[in-house]
Every structure is written in structure tokens, then in C-alpha cells.
Amino acid sequence: MTFVPADRTAEFSAIVSEDDAVRPAGPQKGRPPRLRVVWLGRRRVPGIEAGAEIRVEGMLARGKDMPTIFNPRYEILSRQENE
């Protein structure tokens, strides 16, 4: 997750990656696919935190280093419990 300083335009972003447990078996090797999600005009998104399992939907844009979805619709599937 990235928090933007108060003097810049509000934006909240996170990197989403697939869990190895839900990926189909096959010849894929290396790192699981990653996706950047960005909410413009927001400094926080309730429920979006490190370790949360989410489902996102939106228009995919080509980012400089990875695919990006701006202002996605999202569903929180589960959250990481604090110990």
C-alpha cells in the first residue's frame, strides 16, 4: 500500500497478487501475477490493508511497470487477523 503525502493530490494504491494456493497448476514459474489498484481522490479505503483478500473489477490500463486499475469496484473477501 502507498500513502501519498498531504501536499499532493489524494491517491491510495495497493499491489494485488494471486495467492499460490488459488493458482491453477501448470508450467507457470516465478512470481505470481501482480496488479496495481489505485483509488484517486482518496487517502484511505476502508478494509483495504496488507494481507486482505479482495476481488477487484474495472478497466485495465497498462502501467509503466505493471497493469493498473483506477478506481476499481472491490469486494473484501477476508481480512488478516491481528495477533
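**Close-up views of the sheet and the aromatic cluster**

View 1. In β6, threonine 68 is the bridge partner of alanine 61. The model shown here and in the other views is a predicted one. Strand β5, residues 60-62, runs antiparallel to β6 and is joined to β6 by three bridges. The two strands, β5 and β6, form a hairpin, and four residues lie between them.

**View 2. The parallel pairing of β3 and β6.** Strand β3 covers residues 34-40 and strand β6 residues 67-70; the two pair in the parallel sense over three bridges. Valine 37 has isoleucine 69 as its bridge partner in β6. Strands of a sheet may pair either parallel or antiparallel, through backbone hydrogen bonds.

**View 3. The open sheet.** Five strands make up an open sheet, and their order is β1-β2-β3-β6-β5. The pairing in this sheet is mixed. Its edge strands are β1 (2-3) and β5, each of which pairs on one side only. Antiparallel pairing joins β5 to β6, whereas β3 and β6 pair in the parallel sense.

View 4. Serine 13 has its place in strand β2, which spans residues 11-17. Is serine 13 buried or exposed? Its relative accessible area is 8%, under the 20% limit, so serine 13 counts as buried. Leaving aside residues up to four places away in sequence, serine 13 touches Met1, Thr2, Val37 and Val38. One of these contacts, Val37, is also the residue whose bridge partner in β6 is isoleucine 69.

View 5. The structure holds two aromatic pairs. In the pair of phenylalanine 12 and tryptophan 39, the ring centres are 6.0 Å apart and the planes stand at 40°, so the pair is tilted. Phenylalanine 12 is in strand β2 and tryptophan 39 in strand β3; the pair therefore ties together parts that are 27 residues apart in sequence. Phenylalanine 12 and tryptophan 39 are both buried.

**View 6. The edge-to-face ring pair.** Tryptophan 39 also forms an aromatic pair with tyrosine 74, at 5.5 Å centre to centre and with 80° between the planes, which is edge-to-face. This pair links distant parts of the chain, as tryptophan 39 lies in strand β3 and tyrosine 74 in strand β7 (residues 73-78), 35 residues apart. Tryptophan 39 has a relative accessible area of 2% and is buried. Tyrosine 74, at 31% relative accessibility, counts as partly exposed because this value falls between the 20% and 50% limits. Through ring pairs, Phe12, Trp39 and Tyr74 are linked into a cluster.

**View 7. Serine 17 and arginine 34.** Serine 17 lies in strand β2. With a relative accessible area of 45%, serine 17 is partly exposed. Serine 17 touches Pro33 and Arg34 when residues up to four places away in sequence are not counted.

Conventions
Residues numbered from 1 in each chain as written. Predicted model: local features only at pLDDT ≥ 70, side-chain atom pairs only at ≥ 80, totals over all residues. Heavy atoms only, no water. Pairing = 2+ DSSP bridges. Buried < 20%, exposed > 50% of the residue type's maximum accessible area, 1.4 Å probe, protein only. Contact = heavy atoms within 4.5 Å. Phe/Tyr/Trp six-rings, centres within 6.5 Å; stacked < 30°, edge-to-face > 60°.
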